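Please have the sequence and the structure open side by side. The text below walks through them one element after another.

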Amino acid sequence: MVSPTSEEDTRKVQTAVIGQAESDWPVFLPYDHDDFDGFMRGRTRNDFYCGVLLGGCGKKLTPKRYTEKKCHFAHRPPVHCRRTETGEASADHLYIGQALRRWLLRQGYQDADITYLDPGSVHGGAVEVRFGQGRSRLIRVQLSRLSPREWQETRERLADRHTHVHWAYGPYCGLSHNEVDAAGHAIRISCRTQGDTREVYVGTQYRDSSLAWSPLTACRLSNEGITTPRLDVEPPASSTPVSFPLAPGTIAFTGATKLPAPHSDPDGTAVRLYEADIQPLGSAVVRAQIALPHAHPAPPPHQLHVIYSSAHLLPLTQAAPSEPAWLIRADGASPLPQQTDSRWPDLRPVSPPPEQPHPTPTTTEPFASTPRPLPLSEAETIHVFRSRLGVVARTRSLIN
């Protein structure tokens, strides 16, 4: 980094913006002197700025032509710039934003609004492009790193504010595998130097980490977002919805009815599916499906149950508006001793069915009734069983 007191800029700055300091129109100065004259055709040495959206100082830059080293931009002294990203890819977020604007225009959207988040950070932060009626659709290009938790929180926040959110991932963010796990595939974005510009390419990543790249201009827009030629030919075989972790002890349910269809978790674990009225703490009652391990006892429908284990919430595809929209996958649930609980005030278990009376014994059927099982030991059970066999034998001898 150049000291604020330096009088000379010795860094090789390869990117700038044109027009004004706040511009989002990037330029890339080719390394080779043979391309310098073509780059400067129609431009003057006063057209270039160390752009604010590049993390720069906003001052003018001078293009330098060299024959024995790489051509580059230089600050005019005195130098007071703290820009950290100066290389070939330092303006890729601006190239991506402008390329998406032109691409959406060809798709019939003239109202695209571009936001550059954290410009000047390592790898360019993120680019958000809003478009459509009321700008309700969003393409989010994640370039810098996010933790899985930050990524999940951002997904939820954006999904609450837009009708469609389409994610794409740069080469350094480390999140494309998370997207593959969530949706079956991920859209990747990268820039390549071609002459005096950076062209935007789009890739489709599948579970085997394979990537097929195409120019953005060869892609189309669909309800799912950017659709590459590979997706047109080879759509993902299956999709796994995003799951949201639930804290133990925060979900209660009642009225569980077993669903007949067999079901397995993504890892192949056999589970039983139930449909029930559920209520999260502080929320309203909704109808949802619950997946419990196959060996877990069936939860009686007339009791209140609490999911005491770790659990995840997954969205379901509804065939009809009346069908459940959510599935809770849990390791276990425990019944409460009481019929109501103030933490889940809207859950009201139904009354258990009345017990059926035992049939009255008759003289013609002396042993028609079934005795209630007693807590006997093994030896006592055998003794009682043999005694009853003796009674039956004597009765038959008297009849004969």
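Which glycine takes a positive phi just after helix 2? Glycine 108 does, with a phi of about 100°.

Some ground rules come before the rest. The model is predicted, and local features need pLDDT of at least 70, side-chain atom pairs count only at pLDDT 80 or more, and totals for chains, interfaces and linings use all residues. Residues are numbered from 1 along each chain as its sequence is written, and side-chain values use heavy atoms, with hydrogens and water left out. Helices (H or I, at least four residues) and strands (E, at least two) are DSSP runs, numbered from the N terminus.

Helix 2 is mostly covered, with 11 of its 15 residues buried. Buried means under 20% relative accessible area, exposed over 50%, and partly exposed in between (1.4 Å probe, protein chains only). Among the buried residues of helix 2 are Asp92, His93, Leu94, Tyr95, Trp103 and Leu104.

Strand 1 (residues 15–18) is joined to strand 2 in the antiparallel sense by 3 bridges, and valine 17 stands opposite proline 26 in strand 2. Contact means heavy atoms within 4.5 Å.

Arginine 137 has histidine 164 of strand 9 as its bridge partner. From strand 8 the chain passes through helix 3 to strand 9, and this β-α-β crossover is right-handed. Right-handed here means that, with the strands pointing away from the viewer, the path from the first strand over the helix to the second runs clockwise.

Helix 3 (residues 148–161) has 14 residues and spans 20 Å from its first C-alpha to its last, close to the 20 Å expected at 1.5 Å a residue. Which residues of helix 3 are buried? They are Trp151, Gln152, Thr154, Arg155 and Leu158. These residues lie on the same side of helix 3 because they cover an arc of only 160° around the axis, the arc being that of the directions from the helix axis to the C-beta atoms. An α-helix has 3.6 residues a turn, so residues three or four places apart point the same way. Arg149, Asp160 and Arg161 are exposed on the other side of helix 3.

Tryptophan 167 counts as buried because its relative accessibility is 10%. Leaving aside residues up to four places away in sequence, tryptophan 167 touches Arg140, Gln142, Trp151, Thr154, Arg155, Leu158, Glu179 and Ile187. The C-alpha atoms of tryptophan 167 and arginine 155 are 9.1 Å apart, with the two residues 12 residues apart along the chain.

In helix 4, the buried residues are Ser176, Glu179, Val180 and Ala182. Their arc around the axis is only 165°, so they are on the same side of helix 4. Their cover includes helix 3, strand 9, strand 10 and strand 11. Glycine 184 follows helix 4 and has a positive phi, near 95°.

Strand 10 (residues 186–194) and strand 11 (residues 197–205) run antiparallel, joined by 9 bridges. Isoleucine 189 has valine 202 of strand 11 as its bridge partner. The hairpin of these strands has 2 residues between them, and there glycine 195 takes a positive phi near 70°.

Methods: Expected span 1.5 Å × (residues − 1). Pairing = 2+ DSSP bridges.
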